[in-house]
Amino acid sequence: MECIASSIDDEVSSVNQSIPVPDADSLEGARQRRLTLKQAISAVEVAASSPAADPNWRAINLRELGRLREAFDEHVAEVEADDGLLRDLVRDAPRLQNRISQVEAEHPTICAEIDATIALAEDPAVDSDELRTAVMSTLMSIVRHRQAGSDLVYNAYQVDIGISG
């Protein structure tokens, strides 16, 4: 039994040694942007699901969509920076290059989707149902993107970048 246990311990130790250590600053920066983005997503969802009969409904939705765009821009700037998380992932886990490229390529698409939703919110001819549908579609795109990023970090570093709450 001792030989088998020792062999398993050696294998686990070998696997653990091959896992790269993430850069603490880029990981923390990404976590902070992730939290900010989650808060913006929540605020947009609350705004969109509030009563459309409220005379301020459209203005509130526009404000929260603008904040969402700002939060997403901050996320993109943080993770795409030369010292950002995506560059760290490419360096530390080159086997994930294709998936990293896919996640990075989503950034302009999601920005355009947010902008299109803002344009709908600015158009008084667009009814609340149409706007809510666009908002929820946009939020789903961002949520899927966040999950793909979380999966990348975990696959590279075996670290959960997720946040509680």
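## Terms and basis of the model

A crossing of two helices is left-handed if the near helix is turned anticlockwise from the far one by less than a right angle, and right-handed if clockwise. Helices are DSSP runs (H or I, at least four residues), strands are DSSP runs of E with at least two residues, and both are numbered from the N terminus.

The model is predicted: local features need pLDDT of at least 70, side-chain atom pairs count only at pLDDT 80 or more, and totals for chains, interfaces and linings use all residues. Residues are numbered from 1 along each chain as its sequence is written, and side-chain values use heavy atoms, with hydrogens and water left out.

## The protein chain

The protein chain has six helices and zero strands, giving the pattern α-α-α-α-α-α along the sequence. Of its 165 residues, 35% count as buried (under 20% relative accessible area, with exposed over 50% and partly exposed in between; 1.4 Å probe, protein chains only).

Contact means heavy atoms within 4.5 Å. Among contacts in the protein chain between residues at least 6 apart in sequence, 76% join residues at least 24 apart.

## Helices α2 and α6

Helix α2 covers residues 24-49, and helix α6 covers residues 128-157. Their axes come within 11 Å and cross at roughly 160°; these axes are lines fitted to C-alpha atoms, for helices over the stretch in contact, and angles run from 0 to 180 degrees between N-to-C directions. The two helices are therefore roughly antiparallel to each other (angles over 145 degrees; under 35 is roughly parallel, 65 to 115 roughly perpendicular and the rest oblique).

The crossing of α2 past α6 is left-handed. Residues of α2 that take part in the meeting include L27, R34, L37 and I41, while those of α6 include R132, V135, M136 and L139.

## Two buried serines

S26 lies in helix α2 and is buried, with a relative accessible area of 3%. Leaving aside neighbours within four places in sequence, S26 is in contact with E78, D83, G84, L85 and D88. S26 and L85 are 59 residues apart along the chain, yet their C-alpha atoms are separated by 5.3 Å. The side chains of S26 and D88 are joined by a polar contact of 2.3 Å (a pair of N or O atoms within 3.5 Å; within protein, one must be able to donate a hydrogen and the other to accept it, and residues adjacent in sequence count only if both atoms are side-chain atoms).

S141 is found in helix α6 and is buried, with a relative accessible area of 14%. Not counting residues up to four places away in sequence, S141 touches I110 and E113.
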